[in-house]
Amino acid sequence: MRAHLSDEALIEEVRSLNGAPPELLENREFMNMVLPIIRADFELSERGSLLPPLGSIQCGMQVFGSTDDPEVPIASLKNWKDVAGADFSQKILPGDHFFLHHESQCLSMRDSICDLLSKALAESKSTVSAI
């Protein structure tokens, strides 16, 4: 369980995931400020895997993953379909666990989300005009 690692071991874990640039990981003042947040994130992730299934919330969901993420295998992303119900899609982007560190991935996600919102808005307008 990574949430209970020593500060130094936790920093090394973040380094192994490419989670932050070396200059930040070596900045003790900065790390003292963010380590509680990182620790809480790991704890939430670890506890979440122990919770019973949520059941379906019946809302549209697009899940993003990456090609080389050692933490979240692409196959596991489909588990979110059980939560989202029928309106589920996934998009796989190049990169590791921290693929969002790259502007091109952020722009791709933004475009995908905007497309989904535009379609939902168009559908809701057609439903309202039919009434």
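Reply: The side chain of Arg 28 meets that of Glu 8 in a salt bridge, with 2.0 Å from N to O. Because Glu 8 belongs to helix α1 and Arg 28 to helix α3, the pair ties together parts that are 20 residues apart in sequence. Glu 8 is likewise partly exposed, its relative accessibility being 43%.

Asp 7, partly exposed at 35% relative accessibility, forms a salt bridge with Arg 39 at 2.6 Å, N to O. Here too the contact runs between helices, since Asp 7 is in helix α1 and Arg 39 in helix α3 (residues 28–48), so that parts 32 residues apart in sequence are tied together.

Glu 13 takes part in a salt bridge with Arg 2, the N to O distance being 2.9 Å. Arg 2 sits in the segment before α1 (7–16) while Glu 13 lies in helix α1, so this pair ties together parts that are 11 residues apart in sequence. Arg 2 and Glu 13 are also linked with Glu 71 in a network of salt bridges.

These pairs are among the 7 salt bridges that the structure holds. As for confidence, the mean pLDDT of the protein chain is 87, and 91% of its residues reach 70 or more. Where pLDDT is low, the predicted coordinates should not be read in detail.

Conventions: Residues numbered from 1 in each chain as written. Predicted model: local features only at pLDDT ≥ 70, side-chain atom pairs only at ≥ 80, totals over all residues. Heavy atoms only, no water. pLDDT = per-residue confidence, 0-100. Salt bridge = Lys/Arg side-chain N within 4 Å of Asp/Glu carboxyl O. Helix = DSSP H or I, 4+ residues; strand = E, 2+ residues; numbered from the N terminus. Buried < 20%, exposed > 50% of the residue type's maximum accessible area, 1.4 Å probe, protein only.
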